[in-house]
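User: I am new to this structure. Can you show me how to read its features, one at a time?

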Amino acid sequence: MTAPRPPVERPRTIRLLVLDIDGTIAGESNTIREPVLAAIRAAQATGVQVAIATGRMFCSALRFHQAVGSQLPLIAYQGALIKDPQTQVVHRHWPIDRAMTARILDDLEQSQWRSALSIHFYLDDRLHVRDLSPVTQLYLERSDIEPVVVGDLRRLLPEEPTKILALSDDPDLIADLMAHLRQRYSPAELYLTRSVATFFEATHPAVNKGTAVRYLAEELLGIPASEVMAIGDNFNDVEMLQYAGFSVAMGNAPPEVQAMADWVAPGVEADGVAAAIAEFLL
């Protein structure tokens, strides 16, 4: 048996609630369940502002941003793009530079990876793919976006993608790929993460949800970290959870993510975000 967690000290004042999408507010149904929406609305009624921070494309995340009634800029692509849907103002866009894009494409297209990976390039909030593999098809169904099929991704190399994603239906292969590329690239060269076990993601080295939430809270809203509560479920949420004054991991999060959070909520299918809001904000 695991040791019981020590009692959680309740946050004194929370003015900003930051929510991940997949595995946090949206589960298998790919929608936000009514108990979660009701809890979010109740938190907003007390004066708490709500933001979305996701690895999704801006266009794919927009319906969730609208569903929760957020009046704040949307943090997309792990924080590589921060854009206000109402004004269309881009507060931040940090793409991967051309030379680094060429290097990582070389790595992803090595013989041991090429046939097993589907590679996605995100340019100008549009998804560019080599072909429509089965794993890409599943991704498209959940994201509700139209891809641009380019065949050879090297045709895009003069461009600077906002994010590069490699998918496989084999979690062990993605874990091996992550370990291999973390040996080849330092954190000063690329930010590498997994949002789910079958997604390998690469962005500009200054990008992560933690730096994005810090920018939103401190520079745009004037809110200190101590008054921020963040909820997430995977490795791409770690920096955001570390930054926030109060952090919540979902019950479906990997054990390593749960271990560094202040509180662990029930899983996404059990409306864990609603439970967290009820416990600490209402």
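Predicted model: local features only at pLDDT ≥ 70, side-chain atom pairs only at ≥ 80, totals over all residues.

User: Is Asn-236 buried or exposed?

Analyst: Look at relative accessibility; under 20% means buried. Asn-236 has 3%, so it counts as buried.

User: What does His-91 touch, leaving aside neighbours within four places in sequence?

Analyst: The contacts of His-91 are Pro-73, Ile-82, Asp-84, Tyr-215 and Leu-220. Take Tyr-215: it is 124 residues from His-91 along the chain, yet their C-alpha atoms are separated by 9.4 Å.

User: Now the cores. Which residues touch the most other members of the largest nonpolar core?

Analyst: General idea: in soluble globular proteins, nonpolar side chains tend to be buried together. Here the largest nonpolar core has 50 residues, and Leu-17, Leu-19, Ile-25, Tyr-139, Met-229 and Ile-231 touch the most other members. Another core lies apart from it, with 26 residues, including Leu-153, Ile-164, Leu-190 and Phe-200.

User: What does Ile-25 touch, not counting residues up to four places away in sequence?

Analyst: Its contacts include Leu-19, Thr-31, Ile-52, Val-68, Val-268 and Val-273. Asp-20 and Arg-33 are also among them.

User: Which residues of helix H10 are buried?

Analyst: General idea: an α-helix has 3.6 residues a turn, so residues three or four places apart point the same way. In H10 (residues 272-280), the buried ones are Gly-272, Val-273, Ala-274, Ala-276, Ile-277 and Phe-280. They pack against strand S1 (16-19), helix H1 (34-45) and strands S12 (228-232), S13 (246-249) and S14 (263-264).

User: Last, a helix pair. At what angle do the axes of H3 and H6 cross?

Analyst: The axes of H3 (residues 98-108) and H6 (residues 171-184) cross at roughly 140 degrees and come within 12 Å. That angle makes H3 oblique to H6. The crossing is right-handed. H3 brings Arg-103, Asp-107 and Leu-108 to the contact; H6 brings Leu-177, Leu-181 and Arg-184.

User: How do the residues of that contact divide?

Analyst: Three are nonpolar, three are charged and none is polar.

Note on methods
Residues numbered from 1 in each chain as written. Heavy atoms only, no water. Axes fitted to C-alpha atoms, helices over the stretch in contact; angles between N-to-C directions. Helix = DSSP H or I, 4+ residues; strand = E, 2+ residues; numbered from the N terminus. Parallel < 35°, antiparallel > 145°, perpendicular 65-115°, else oblique. Left-handed = near helix turned anticlockwise from the far one by under 90°. Contact = heavy atoms within 4.5 Å. Nonpolar A, V, L, I, M, F, W, Y, C, P; charged D, E, K, R; others polar. Core = buried A, V, L, I, M, F, W, Y, C linked by side-chain atoms within 4.5 Å. Buried < 20%, exposed > 50% of the residue type's maximum accessible area, 1.4 Å probe, protein only.
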